[in-house]
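Trainee: I would like a close look at one part of this model. Please take me through it step by step.

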Amino acid sequence: MTPVDTPLLIAEGLSKWYGRQLGCRDVSFELHEGEVLAIVGESGSGKSTLLRILAGLMEADAGCVRYRMRDGVTRDVAALSEAERRFLFRTDWGYVHQDPAAGLRMAVSAGANVGERLMAIGERHYGRIRGTALDWLTRVEIDTGRIDEPPTRYSGGMRQRLQIARNLVTGPRLVFMDEPTGGLDVSVQARLLDLLRGLVAELGLAAVVVTHDLAVARLLSQRILVMKGGAVIESGLTDQVLDDPREPYTQLLVSSILPP
Amino acid sequence: MNAPAYNFAYLDEQTKRMIRRAILKAIAIPGYQVPFASREMPMPYGWGTGGVQVTAAILGPADVLKVIDQGSDDTTNAVSIRKFFGRTAGVRTTTHTTEATVIQTRHRVPETPLKAGQILVYQVPIPEPLRFLEPRETETRRMHALEEYGLVHVKLYEDIARHGHIATTYAYPVKVAGRYVMDPSPIPKFDNPKLSNSDALQLFGAGREKRIYAIPPHTAVVSLDFEDHPFEQWRHPASCALCGDDASFLDEVITDDRGGRMFVCSDTDHCESRRAAPSQPTVQDAEVARG
């Protein structure tokens, strides 16, 4: 197989128990380069547990996550050393939190937030760091005149866009997003989704997006996993699953969207 | 009561052994913060409890002790610590840098270059250079272990973004022996180059934070910076009003409420010995001669 045919991320039989409480059970899928996968389901269905396991923030009780590194070798993420995993996390991966305050350094300026990953991988030229930061602020539609303001002075939508810029600055191939539009009002959501869709297409990003909002899944993703009670009950192409849901629960989910 | 009130140098021998072990480990891993069981000392935190414990652990009866506070031998902190060891250890004390074998310091490195055999003990308030950007101790330890030091540059970046230059003037972060990033305690960055390749042993004690770290003699210490904003030493662009030195670190002294001020050497011993040496004309002398 050529490298392009090998999946970027492979999940095999992932299970997680919180004591006697099931987190998720036997989840398997493959994600290819440039592909966006949405994980939908109600609260407590195991979406976030799955995302945290995929991103290596939590250990699975069973199963493994394998990732094709930049050198083309597919490796078990759990078997990486901590240094390697953290390096991967801040270069080839991105993680967009639902709450931007969790993903940003709120006390330092927007420019430093964007530049942090560059400095972490050894960039030591102030002019270049600032140039890249300005470029990325433009790309996520933040006024470059506000580069020296801390995110505490930004609106919710701007913070979320700043968080995205901060993650994408090292050119990652895979981005994890946990409810990226949660907590934003509808017009800001629409703008953010538009921006995300543009960036994902332009950069050829692969992404795993956790959301309870089927509209987000439909706009961003090509494939979808529907989770209920810790298990994947339905999966397939997004349009197919949302237009012609097979499982009763998915039918319920789809029918609970208010008609426009 | 004829029994001595204190053990030699105040601390009991087992405590000194414990501190010495921490010091040896710190010397073996330059710049690494070694945790130690810091004791209550008869002075408040912030007055040098860490430095005092390190000094107590390394002091021998033959040592000559000098204590400086902001370069000065005669401020409250310096005088009381000097008297403390004079009473509890009976060691000889001095104000001359060249005579001392152990120098405990707060916020300065003496102007006179240190010699082999001398030990400089720093009092450290906050040993963690990453603290103000990363509040979690677990996380900063991991960052030291994995050599993830991008965050230090985030702080320097903020300086340049805000002030146009690296505005950190004291406690300027350094990298020791190419490995650990270290807080050199709040010495002015003017003194940073003196840390590198010194002939003397340098020990750092933080009493409240319970950490000891060290720079062994002849160890490379590099001040962190950006390629396009290199590290710069800074001093007041003036010369000392008492001894006329135009290369030493100066304190600004306000002399009245109408804007009058003078600059004097922060290192009092350096200033006094220059004035005692007959061949050095002072600025005042020069002015008198001119006038």
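How many cavities of 30 Å³ or more does a search of the whole structure find?

Mentor: The search of the whole structure finds 1 cavity of 30 Å³ or more. A cavity here is a set of points, on a 1 Å grid over the protein atoms alone, where a 1.4 Å probe fits but cannot get out. Grid points are joined across faces, edges and corners, and a volume is the space filled by probe spheres set on the points.

First, some ground rules. This is a predicted model, in which local features need pLDDT of at least 70, side-chain atom pairs count only at pLDDT 80 or more, and totals for chains, interfaces and linings use all residues. Residues are numbered from 1 along each chain as its sequence is written, chains are lettered from A in the order in which they are written, and side-chain values use heavy atoms, with hydrogens and water left out.

Now the cavity itself. Its volume is about 40 Å³. The lining is made up of A:I164, A:L168, A:V175, A:M177, A:L196, A:L199, A:V200 and A:L205; lining residues have an atom within 4 Å of a point.

Next, the elements around it. In chain A, α6 (156-168), β7 (174-178) and α7 (186-203) each supply at least two lining residues. Helices (H or I, at least four residues) and strands (E, at least two) are DSSP runs, numbered from the N terminus. The most comes from α7(A), with 3 residues.

The lining has 8 nonpolar residues, no polar and no charged ones. Ala, Val, Leu, Ile, Met, Phe, Trp, Tyr, Cys and Pro count as nonpolar, Asp, Glu, Lys and Arg as charged, and the others, Gly among them, as polar.

Note on methods
1 Å grid on protein atoms, 1.4 Å probe; cavity = no way out; pocket = protein on both sides within 12 Å on 5 of 7 lines; lining within 4 Å.
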